[in-house]
Amino acid sequence: MGQFIPLIWKNATRNRRRSLLTIASIAASFCLLGVLLSIYAALFLSPDTSPAGSRRLVTRNRISLTQIMPISYEAKIRQVPGVEAIMAYQWFGGVYKEPKNFFARFACEPEQLFKVYPDIRISEEEKKAFIADRAGTVLGRDLAGKFNIKVGDKITLKGDIFPVDLEFNVRGLFDMDKNEESMWFNIDYLWKSLPADQRDFAGTYLMLAQSAEDGPAIAQQIDALFRNAQVQTKTETESAFAASFVSFLGNVKLYLFAISAAITFTILLVCGNTIAMSVRERVREVGIMKTLGFTNGEVMGMILGEATVISLLGGFFGCVVAWVLCKGVATASGGFANLEGMSLAPWMWAAVIASAVVMGTIAAIVPAFGASRTSIVDAMRYSG
Amino acid sequence: MKLPFSYNLRNLWVRRTTTLMTALGIGLTVAVLLSILALVGGLKNAFSSTGVEGNVLVMRQSAESELSSNFTRTQFQDLKLRPGIKRDESGLTLASLEMVSTVLLESVDYDSGINISIRGLKPDPGFKLRPAIAIAAGRWFEAGKREVTVGKNVAKRNPEAALGKDLRFGKGAWRVVGVFDAGDSAANSEIWGDLDQVCSDDNRCDVLSSALVRVDPVSSVEPFIKNLKDDQRLKMGAMTERLYYEQQSSSAAPIQFLGIFIAIVMAVGSSFAAMNTMYAAVARRSREIGTLRVLGFSRFSVLLSFFLESLVLAILGGLIGCLLVLPLNGFTTGIGSLTTFSEVAFSFKITPEIMLTGLGFALFMGALGGLLPAAAAARKQILDALRDI
């Protein structure tokens, strides 16, 4: 078969315009498949694999994330074997200057923050200053840059969930690979601003397990602890917790699947159509080749080979474009639902290119089979 | 002299396999675009059908949603005294104090469940403010009982909340005693219960979420809202109920963005495919084109003819696309609203406008794919064309 490669190449390049159009058309479709694949992976297959991330667990009120839990739970959870650190934290919501300035704001326990998030990088002085100041706050560096906030500034959040307006001293800026667009401050500061009977609660608890393998067992133990309590809990890994927000986009899995199916089918049509067109033009040529002694199998192999070459090129260029697009989406996502981690991983390149080759070849089977079976006499008589 | 249109139709028919395959490619592209438009249209319809003319939603100052708003009973008493609020026959002000929270329920769509809004309200005047809502099965909840009536989408999509089941939230079980139908409104995705029961369960009897009031006449709605906001002592914010829900249609923005992006890239691919088909048609009919020119048809008529043929091909694709998405009409799905932090279910709506958009989109692809081949056909020299095989 190897000796036919030059011939296949010649055939693929003899109608350059058609081949280029086909390659472009296939590339567009496979670029989409690549992008959809990486969206899927970012949303559903990207557990935080950093050493600390895979060890983190989140506990919330079983009824709903918007319901709170008593702070007394913290001490009880801390007793569960395998829990290395625990922090109570609360989504604050609120408005910074304008409602459109949206970013995550959490009330937390400053001393615990850096234990459950060993991946937060911050200078020792800033860390100490934050812990020492009850009205202190730390922000992600990019976030601070966006709003031109500097260490030493005072910023105010107007509360909505909590009917209080809080003023903070910016004590430090941190770097972090994930969740950098966030602001953290002392939960005690929030409590003290509320009426006495409405304090001492937490919306969520974040735990660091001693090892990632213990995670599921610890989660079960925690939930068992409160099974008969008035407020029951639900504990899951941090990535499962993050994934539950994906449902806010709607039934994304179904959409992605349906669209991918439509695209795949379109590719089949495009490839099949082009190959069929070029085969139809060459029926007489096939007759001549057969007269020269080419077997049916060789003729078929050559046509399939041509389809493979074209779809391989299409798949490759599709991947290149998809790779660029993924980079773009990752930068523009602002950290929503893990999309910032979106990229075209090597296995996706392989998957896209492999499926391009498979699809292209499948699409060519019918025309190739037809051509190889044409008898010499019919082929020579054929006038395109 | 113009080439007869039937010439194009016959040509498409002669190479019907190619025609059909190209049209199917265009059709699938159109179908993807239309399904996204139908989804976004359905969601927007759900939100725009929610809210009654003259209803004003009052929340805490600077609160963006009922869920994050705090509204005290004292504030409510102050609000009721404001001039401009309509009274019913018995002289009661049409002002409903309400509490909104969420509960995580099993869902037919998501393994991990989904948040559903719970609204505590008093039937009088809560129902009077929403006249379009009617019982579809069972009955309304009764005051003082642990009973809820659920929207028809909740009953359908959340097995735990089906009629007759016991829902668990707050301090225990709640019996689902009825299902209500709110037309296309987003209220179909809510669970309703008695205000006092719901808030005492949540230990927040004094601090609730919001108030809905009817302002009469409609022309005084804007001044009413403005006065309310300007009165700094009240610490209240307000907007029309309609606007509150309309703003939430932005939940569909990520899906809309992704969908339109996909449709455009697919359109590029399909245009290339259409271009291929048309180039092949031009190449095959080279001698025919030469003959036409000899007979006296101008270059322009040849160009027009091939261009038209490409448009017909595209329209065919557009029609296929419309047919492909028609079964989606009425299909119910849900999307999370970041305002209510819970799911809003809605149905895909395939409207004639959406289908026209699809046909326009198909024509655009046909034009993109047909222009260059048509120009190539028109440029052919008569002698060369006749000599071609």
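Modeller: Start with a definition: helices (H or I, at least four residues) and strands (E, at least two) are DSSP runs, numbered from the N terminus. The model is predicted: local features need pLDDT of at least 70, side-chain atom pairs count only at pLDDT 80 or more, and totals for chains, interfaces and linings use all residues. Residues are numbered from 1 along each chain as its sequence is written, while chains are lettered from A and ligands numbered from 1 in the order in which they are written.

Biologist: How many helices and strands does chain B have?

Modeller: Those DSSP runs are counted along the chain. For chain B the count is 13 helices and 14 strands.

Biologist: How far apart are the C-alpha centres of the two domains of chain B?

Modeller: Domain bounds come from an automatic or database domain assignment. In chain B it gives domain 1 (5–48 + 250–387) and domain 2 (55–214). Their C-alpha centres lie apart by 46 Å.

Biologist: Which element gives the largest share of the side of domain 1 of chain B that touches domain 2 of chain B?

Modeller: Residues are in contact if their C-beta atoms, placed from the backbone, lie within 7 Å. Here 12 residues of domain 1 of chain B meet 17 of domain 2 of chain B. α2 (16–48), β13 and β14 of chain B each supply at least two residues of the domain 1 side. The largest share, 4 residues, comes from β14(B).

Biologist: Why is strand β13 of chain B largely enclosed?

Modeller: A residue is buried if 20 or more other C-beta atoms lie within 10 Å of its own, exposed if 12 or fewer, and partly exposed in between; C-beta atoms are placed from the backbone. Strand β13 of chain B covers residues 332–337. It is largely enclosed by the rest of the structure because the buried residues number 5 of the 6.

Biologist: Which residue stands opposite Gly334(B) in β14(B)?

Modeller: Two strands pair if DSSP finds at least two bridges between them. β13(B) and β14(B) run antiparallel, joined by 6 bridges. In β14(B), the residue opposite Gly334(B) is Ala345(B).

Biologist: Which element gives the most to the side of chain B that touches chain A?

Modeller: The contact takes 49 residues from chain B and 39 residues from chain A. Elements giving two or more residues to the chain B side include α2, β3 (95–105) and α9 (253–284) of chain B. With 15 residues, the top contributor is α9(B).

Biologist: Which are the edge strands of the open sheet in chain A?

Modeller: This sheet has 9 strands, in the order β6-β7-β5-β8-β4-β3-β10-β1-β11 (chain A), with mixed pairing. An edge strand here pairs on one side only. The edges are β6 (154–158) and β11 (233–237) of chain A.

Biologist: Within that sheet, which residue of β8(A) is the bridge partner of Cys108(A)?

Modeller: Strands β4 (residues 104–108) and β8 (residues 182–186) of chain A pair in the parallel sense over 5 bridges. The partner of Cys108(A) in β8(A) is Asn186(A).

Terms used:
Two residues are in contact if their C-beta atoms, placed from the backbone, lie within 7 Å.
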